Every structure is written in structure tokens, then in C-alpha cells.
Amino acid sequence: MERDDLIEYSLDAHHSEEKGVEIRKKIYKVTILLTLVTIIEVVLGAVIKQDASIWPLVKWTFLALTILKAGYIVMVFMHLGDERKWLRYVILVPYFIFILYLIFIALWEATAIKSVLNFFS
Amino acid sequence: MAGHTAALDSKTLWGGKISPFSTSYGKLMMWFFLVSDALTFGGLLIAYGFTRHDCLEAWPIGEETFNSMPFLGHGYPLLYVALMTFILIISSVTMVLAVEAGHRMDRKGVTKWMIATIIGGFFFVGSQGWEWYHFIHGSEFGKIELADGSVALVRGHFGEIKNFTVTKPGKHHKIGDVIKEDLMHTFQHAAAAGHITNGVITLHDGSEATISKATDHDLKLIVKKSGKVNKASKAKREITGAKAEKLYYEALYSGEANRVIYGANLKQNEYGPQQYAQFFFFITGFHGFHVFSGVVINIIICLGVVAGTYHKRGHYEMVEKTGLYWHFVDLVWVFVFTFFYLL
């Protein structure tokens with residue numbers, strides 16, 4: 001069966017050769033950035049030990065760099081940055097609401113359980 | 001992107017007068033699927049965080065656990081997993097280049113970049129297989145339980161095993177047989193079962209053999225769980241020198257089962273608490289399964305590209321949709337990498 005219902009919007013996605021050069025340039029830039037971030041993470045992880053006093057800072061740096069990488073993958077590689085604003089919201093807002101709540105509740109409960117375990121051990 | 005709704009009647013659009021967010025049905029549904037899948041992975045990683053947070057034992061540290069490289073041996077913290085991450089990022093880049101070529105209706109370009117993506121995917125799955133192999137088999141020294149009840153990881157330079165010479169016959173081996181195959185495996189099995197005493201190994205068939213082995217050096221014990229004497233506190237957790245050697249051989253030659261543990265399975269592992277290996281197997285396994293199915297989907301779509309199916313259709317949206325899935329797999333790995341290996 002011919003799915004002509006899909007065609008029209010998909011045709012909008014076409015772009016010219018010149019635009020293609022521009023897009024590829026952006027892709028290569030993001031590639032270099034992601035590679036650099038990964039190298040920085042590995043060097044930090046290999047050099048700084050977890051019992052070092054600076055470790056908490058490194059830990060938060062890892063989290064920040066991870067979010068940065070994830071942002072570039074979603075916005076550039078998955079083109080979410082080029083989609084309509086409301087599509088972005090429909091994808092991201094429910095996700096963040098659920099995940100932030102889950103993180104909060106899991107850490108809260110884990111702390112409570114740990115205090116009980118410590119009490120009885 | 002830019003919608004041109006004016007020219008379209010209701011039949012052309014999916015049901016209503018206008019398509020939500022000017023996106024095709026397929027792409028939107030792919031996004032919804034990815035949101036639900038991302039919640040699954042989010043749930044798994046948060047469960048991992050939960051377990052780690054309320055664990056009373058010391059949790060394994062990435063750079064201590066994953067430090068081997070193919071052909072090079074041990075002592076390369078995080079290098080291999082960095083390479084895996086790099087492979088996956090590059091295959092994500094080749095995928096986005098395939099999508100870009102599709103937007104220009106460049107069939108050759110799409111084919112080229114899709115094949116590159118598939119190769120990258122196979123490399124990643126293969127690397128993960130190697131990683132699992134190493135994780136399951138463990139290090140040369142393993143983890144030991146010391147006489148005072150404390151538990152320590154052992155690091156150092158493992159002296160090569162040359163052969164076993166049979167001194168007491170069993171079901172298969174005769175006196176004087178020299179065994180030269182599968183030495184490490186046999187050694188570790190016997191050690192875990194408590195079948196090695198000072199220089200003598202009891203084999204599966206009940207025969208006994210002397211071990212010809214170069215000496216180990218630079219032994220270092222990292223105490224992971226405190227006992228009566230040895231503590232896992234920050235200042236005292238490392239034991240080196242003659243004391244480390246004495247404690248290690250004491251455990252190795254104790255004749256008791258499970259004083260030395262090598263590698264990991266679902267019951268015990270040398271790296272730390274039991275749940276650690278279970279989470280490792282489940283989360284990296286689930287991700288690896290996603291990568292594998294991604295490669296299969298990519299192959300199917302690539303065949304469609306080569307056959308000219310999408311060219312005839314006038315657009316390469318199928319490549320874009322599989323691309324979304326493939327990037328998602330990369331995205332998940334970024335998080336797995338951080339939570340399992342870095343933190």
C-alpha cells in the first residue's frame with residue numbers, strides 16, 4: 001500500500017548541496033567536541049583517584065560533561081534542535097519530570113534504607 | 001521543519017487537517033518510543049544508583065576494575081572503554097552523515113555512510129563481547145578473603161605458569177605427564193576450589209602435580225572490606241611488600257574453597273558487592289542488545305537503500321528514523337559510560 005500520508009512532510013526535509021556543506025561542517029565540529037570531552041573524562045578518571053580530596057568536584061564535572069554530550073547528541077545528531085519548539089517540549093518535559101522525580105525518590109529512600117542497615121549492623 | 005500545509009488535504013495528512021508539529025507520523029512515533037525506552041534505561045541506572053547509595057561495602061571503582069587492553073594486558077585504566085565510546089560516537093557521526101546525504105537524495109552517499117555505521121556497530125558489539133569475556137574471567141590474581149575476615153583485591157605482576165608435572169596419578173594423568181595446555185584456567189579453578197597448596201595442584205581427575213611458575217612480584221592488596229586487623233579505611237587500605245605476599249599466599253594455599261575468587265558470575269564476583277556484577281550484566285547487556293538490534297535494523301534499511309526503495313519513494317525518511325534509534329543507542333552509552341566506568 002502506498003503510504004502517501006507520510007510523503008509530504010518528509011519532502012520538506014530535503015536540502016540543497018550548499019546547505020549540505022554547511023550541515024556537514026556542523027557535524028564535524030560536534031564530532032571533535034564529543035571526542036575531546038570523552039578524552040577529558042577518561043584522563044580525569046584515570047589520573048584522579050576516588051579518595052582524592054578534589055574527587056567531588058571531578059564527579060560533578062563528569063555529570064556536567066555527560067549532560068553536555070547528551071545535549072549535543074539529542075539536539076544536533078537527532079535534529080531535535082531543528083524541530084518545532086513544541087515537539088521539543090513534548091519530548092523533553094515529560095521525560096525530565098519523571099526522571100527528576102525518580103532520582104529524588106530513589107536517593108531519598110536509599111538514604112533511609114542505609115540508615116536502617118547501619119543501625120542494625 | 002517548515003510546513004507547507006496549505007497544499008495538503010485531510011486525506012494526505014494523518015487523520016486531521018494538520019500534522020502535529022509538522023512531523024510525519026513515523027518520526028513522531030519513533031520519538032515517543034525513544035522516550036519510553038529512555039525511561040527504561042533511566043530507571044535501570046537509577047536503580048543502580050539506589051543500590052550503590054545504600055550499599056555498606058565499598059563499591060568497585062571503574063579504573064580499578066576495567067584496566068585491560070587487547071594484546072597489551074593489564075594496567076591501562078579506562079582506555080578500552082574509551083575506545084568503545086569513541087567507536088560508538090564515530091558510528092553515530094557516520095549515521096548522521098547518511099541522513100544528511102539522504103536529504104540531498106544522494107543514494108551513493110547514503111549507502112556508503114550506512115555501511116560505515118554498520119561496521120562501527122559490529123566493532124562495538126565485538127568490543128562489548130571482549131569486555132564481558134574479561135569481566136567474567138577476571139584478573140590474574142582475583143580477590144582474596146584474608147584470615148581476619150577482610151576482603152582485598154590483589155594487583156601486581158603475575159609470574160607466568162610454565163607447566164604442571166604430575167607426581168601422583170589420577171584417572172587421566174600418569175606420573176611424569178607434563179601438562180602445558182589451559183594452565184591459567186586450571187590454576188584459577190583449582191585455586192578457587194582450594195585445591196592448591198604450596199606449589200602442588202590437585203587436578204580435576206584427582207591427580208596431583210607440581211606447578212612450575214615464575215615468581216610473582218610487586219604484590220599489592222587493596223582492602224575492600226574491613227576485617228579484625230586489616231581495615232578498608234582510606235589511609236590503610238593498601239598493603240604492599242612482604243606483608244602483602246604473606247597474606248596472599250596464606251589465602252591461596254589455605255586449602256579452603258572460595259578464599260580466592262576470580263572474575264564474575266551471578267553468584268559472586270571479584271570486584272565488589274554481588275549486585276555490582278548483576279547490574280553490569282543487565283545494563284550493559286540490555287544496551288548491547290539494543291546495539292545489536294540497531295545493527296540488524298541498519299542492515300535491513302541499508303538493503304532498502306541499495307535496492308532503491310527509498311529513492312523511488314522520493315525521500316529517505318526511513319534512514320532518518322533508524323538514525324534516531326541509532327543515536328539513541330549512543331546517547332544511552334554516554335550515560336552508561338559515566339555511571340558505570342567514571343563515577
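Analyst: The buried residues of α3(A) are covered by elements that include α2 (17–47) of chain A and, from chain B, α3 (79–103) and α9 (317–342). This is a predicted model. The residues of α3(A) that count as buried are Phe62(A), Lys69(A), Tyr72(A), Ile73(A), Val74(A), Val76(A) and Phe77(A). The helix itself covers residues 55–77; its 23 residues should span 33 Å at 1.5 Å a residue, and this agrees with the 32 Å between its end C-alpha atoms. Just after α3(A), the backbone at His79(A) adopts a positive phi of about 60 degrees.

In the domain assignment, chain A consists of domain 1 (20–82) and domain 2 (84–121). The centres of these two domains of chain A, taken over C-alpha atoms, are separated by 23 Å.

In total, 56 residues of chain A are in contact with 57 residues of chain B. On the side of chain A that touches chain B, at least two residues come from each of α1 (4–11), α2, α3 and α4 (85–120). The largest share of that side, 16 residues, is supplied by α4(A).

The partner chain can be described as a whole before its parts. Chain B holds nine helices and twelve strands. Its radius of gyration is 27 Å, whereas a compact globule of 343 residues would have one near 20 Å. Along the principal axes, the C-alpha atoms of chain B fill a box of roughly 90 × 45 × 30 Å. Of the 343 residues in chain B, 40% are buried. Among contacts in chain B with a separation of 6 or more, 67% join residues 24 or more positions apart.

Chain B is divided into domain 1 (5–138 + 276–342), domain 2 (139–159 + 215–262) and domain 3 (160–214). Between domain 1 of chain B and domain 3 of chain B, the C-alpha centres lie 45 Å apart.

Ala264(B) counts as buried because 24 C-beta neighbours lie inside 10 Å. Leaving aside residues up to four places away in sequence, Ala264(B) touches Phe135(B), Ile136(B), Gly138(B), Asn269(B), Glu270(B), Tyr271(B) and Ala277(B). The C-alpha atom of Ala264(B) is 9.7 Å from that of Phe281(B), and the two residues are 17 residues apart along the chain.

Strand pairing in chain B may be followed from β4(B). Strand β4 (residues 151–157) of chain B is mostly covered, with five of its seven residues buried. Strand β3 (residues 143–145) of chain B runs antiparallel to β4(B) and is joined to it by three bridges. In this pair, Glu145(B) stands opposite Val151(B). The hairpin of β3(B) and β4(B) has five residues between the strands, and Gly149(B) takes a positive phi near 95 degrees there. β4(B) also pairs with β10(B) in the antiparallel sense, over six bridges, and Leu153(B) stands opposite Ile222(B) of β10(B).

Strand β10 (residues 217–225) of chain B contains Asp218(B), a residue other than glycine whose phi is positive, near 50 degrees. Asp218(B) is exposed, since 11 other C-beta atoms lie within 10 Å. Asn258(B), also a residue other than glycine, has a positive phi near 65 degrees. Asn258(B) is located in the loop between α6 (241–252) and β12 of chain B, and with 10 other C-beta atoms within 10 Å it is exposed.

A further sheet of chain B is open and antiparallel, with five strands in the order β6-β5-β9-β8-β7. Its edge strands, β6 (178–179) and β7 (196–197) of chain B, each pair on one side only. Two bridges link β7(B) to strand β8 (residues 200–202) of chain B in the antiparallel sense, and Thr197(B) stands opposite Val200(B) of β8(B). Helix α5 (residues 183–193) of chain B lies across β5 (161–168), β7 and β8 of chain B, at about 60 degrees to β5(B).

Notes
Residues are numbered from 1 along each chain as its sequence is written. Chains are lettered from A and ligands numbered from 1 in the order in which they are written. This is a predicted model: local features need pLDDT of at least 70, side-chain atom pairs count only at pLDDT 80 or more; totals for chains, interfaces and linings use all residues. Domain bounds come from an automatic or database domain assignment. Helices (H or I, at least four residues) and strands (E, at least two) are DSSP runs, numbered from the N terminus. The expected span of a helix is 1.5 Å times one less than its number of residues. A residue is buried if 20 or more other C-beta atoms lie within 10 Å of its own, exposed if 12 or fewer, and partly exposed in between; C-beta atoms are placed from the backbone. Two residues are in contact if their C-beta atoms, placed from the backbone, lie within 7 Å. The radius of gyration is taken over C-alpha atoms; the globule rule is 2.2 Å times the number of residues to the power 0.38. Two strands pair if DSSP finds at least two bridges between them. Axes are lines fitted to C-alpha atoms, for helices over the stretch in contact, and angles run from 0 to 180 degrees between N-to-C directions.
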